[in-house]
Amino acid sequence: MATTPDIVRICRELIDLLPDEALERARESRPDLRGFGVFPVYAPVEIIHAAGLMPVGLFGAGNRIELSHAEARFQSFICSIAKSTLELFLGGHVQLFEGAVFSSICDVARNLASLVKRNAPGQFIDYLHMPQNMYSAQSSAYTRAELNRFRTNLAAHLGRPVADQAIAESLLLYNRVRRLLRAIYDHRRQNPCSIAAADLFAVAMAGTRMMPEDYLPLLANFFDQVRSTRVRARDGVRVVIEGAFCEQPPIGLLETLEAGGCLVQDDDMMIGWRLFTQDIDGDGDPLAALAEAYLRESVYTSVRHDARRPRTEGLAQRVRDAGAEAVLFTPAKFCEPALLDYVLFRSKLDKDGVPHLKVEFEEKMWTYESVRTEVETFAESMLFE
Ligand code: SF4
């Protein structure tokens with residue numbers, strides 16, 4: 001059985017891979033496997049998996065590639081993930097993929113989907129119009145129809161059906177993955193010293209670089225190891241990370257936050273891949289079940305408007321559930337949904353007397369000196385007040 005450091009090392013290697021490299025790695029045991037790109041935040045990975053494809057997260061390229069072509073197609077003030085995801089397509093890093101799916105999270109993602117579509121001939125590039133009204137009489141039927149449209153068009157592109165039965169089986173598999181992730185996050189909430197934030201991030205993100213049937217035993221092994229390892233408690237300000245739901249922070253930034261005196265108890269990283277609060281019922285119509293889960297069982301995020309469950313309340317609840325003392329906002333630079341919500345979140349936290357600090361990031365972030373100083377000052381002001 002692999003040890004925790006072994007598993008973390010494997011996961012860190014995996015999340016450093018570009019999409020084509022991740023697929024090549026998976027093809028070592030499944031030579032005919034094809035990939036399908038999934039841009040954050042949420043996508044119905046069950047349909048993609050049921051089609052016999054590997055869903056691969058498109059989270060940009062970190063420091064792995066230089067932007068040679070993408071900058072010419074976008075304005076300057078735009079998040080890194082949009083530019084480097086386009087560069088991945090223009091640079092041939094998504095060639096062995098059948099296509100990719102984007103969804104209605106923001107204007108940037110909408111433009112990106114169109115640009116990718118224009119520049120990826122022969123691939124199936126789709127854009128999901130997720131519901132903006134979760135409670136109208138048509139919400140359920142609409143969401144199911146949108147998922148079915150995606151299934152039908154993907155099947156037409158592949159030239160083979162994507163059957164309900166296959167989707168139901170994938171649903172059960174992803175239920176198990178999400179259940180384990182929920183349990184690991186729950187464990188971390190109770191024992192923040194048991195898993196470093198950067199390590200949990202790597203383990204959670206590795207699931208976007210593997211087939212779920214291969215990821216599941218790795219995740220189970222990790223959870224077993226973490227639960228059975230005694231760790232020494234250390235002092236720190238117990239925090240929740242908020243705002244990293246789409247573009248993901250560099251791992252060095254997460255290490256800096258903890259090195260600066262914070263203990264991360266909860267976060268919203270990779271939230272789209274662990275969106276649901278409960279298992280989805282695989283009996284009956286799987287697309288209807290997926291649609292209901294999206295409408296009723298989703299965690300709050302800044303890209304999903306839910307009139308009856310305000311996001312400010314969602315954050316306040318997350319802070320309470322985690323037993324956290326403070327919030328670290330980590331929005332990607334130029335991420336409009338995160339920065340707009342920051343105004344609302346900040347006002348709510350001020351009202352509730354919860355301290356907070358904002359630390360923006362971008363892909364090509366080389367040094368963390370100033371962040372460390374800011375976080376240390378913030379943590380010390382709380383620890384020694
Ligand atoms: S990082 Fe923000 S602005 Fe950029 S694509 Fe994601 S949600 Fe949109």
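In this predicted model, strand β2 (residues 53–57) is largely enclosed by the rest of the structure, because five of its five residues are buried. Its residues point in two directions. Leu53, Pro55 and Gly57 point one way from β2, and Met54 and Val56 point the other way. Residues on both sides are buried. In a regular strand the side chains alternate between the two faces of the sheet.

The neighbouring strands were examined next. Strand β1 (residues 34–38) pairs with β2 in the parallel sense, over five bridges. Within this pair, Gly37 stands opposite Val56 of β2. β1 is also joined to β3, by four bridges, and these two strands run parallel. Here Gly35 stands opposite Phe97 in β3. Strand β3 (residues 97–103) is itself largely enclosed by the rest of the structure, since seven of its seven residues are buried. Five bridges then link β3 to strand β4 (residues 124–128), again in parallel. Ser103 has Leu128 in β4 as its bridge partner.

Helix α5 (107–119) contains Lys117. Tyr127 lies ten residues from Lys117 in sequence. In space, the two C-alpha atoms are 9.6 Å apart.

The surroundings of the ligand draw on several helices. The shell holds 15 residues. The closest are Cys79, Cys106, Cys246, Glu247 and Cys335. Helices α4 (80–90), α5 and α13 each supply at least two residues of this shell. The largest share, three residues, comes from α13. By class, 13 residues of the shell are nonpolar and two are charged. No polar residue is found there.

Helix α10 (residues 251–259) has a buried set made up of Leu253, Leu254, Thr256, Leu257 and Glu258. After α10 comes Gly261, with a positive phi near 115°.

Helix α12 covers residues 311–322. At 1.5 Å a residue, its twelve residues should span 16 Å. The end C-alpha atoms are 16 Å apart, which agrees with that expectation. The buried residues of α12 are Leu315, Arg318, Val319 and Ala322. They cover an arc of only 95° around the axis, so they lie on the same side of α12. An α-helix has 3.6 residues a turn, so residues three or four places apart point the same way. The face of α12 turned away from the buried side carries the exposed residues Gln317 and Arg320.

The buried residues of α12 pack against both helices and strands. The helices are α7 (164–190) and α13 (336–352). The strands are β5 (237–242), β6 (262–266) and β7 (326–329). Gly323 follows α12 and has a positive phi, near 65°.

Note on methods. Residues are numbered from 1 along each chain as its sequence is written. This is a predicted model: local features need pLDDT of at least 70, side-chain atom pairs count only at pLDDT 80 or more; totals for chains, interfaces and linings use all residues. The expected span of a helix is 1.5 Å times one less than its number of residues. A residue is buried if 20 or more other C-beta atoms lie within 10 Å of its own, exposed if 12 or fewer, and partly exposed in between; C-beta atoms are placed from the backbone. The arc is that of the directions from the helix axis to the C-beta atoms. Two residues are in contact if their C-beta atoms, placed from the backbone, lie within 7 Å. A residue is near a molecule or strand if its C-beta atom, placed from the backbone, lies within 6 Å of it. Ala, Val, Leu, Ile, Met, Phe, Trp, Tyr, Cys and Pro count as nonpolar, Asp, Glu, Lys and Arg as charged, and the others, Gly among them, as polar. Two strands pair if DSSP finds at least two bridges between them.
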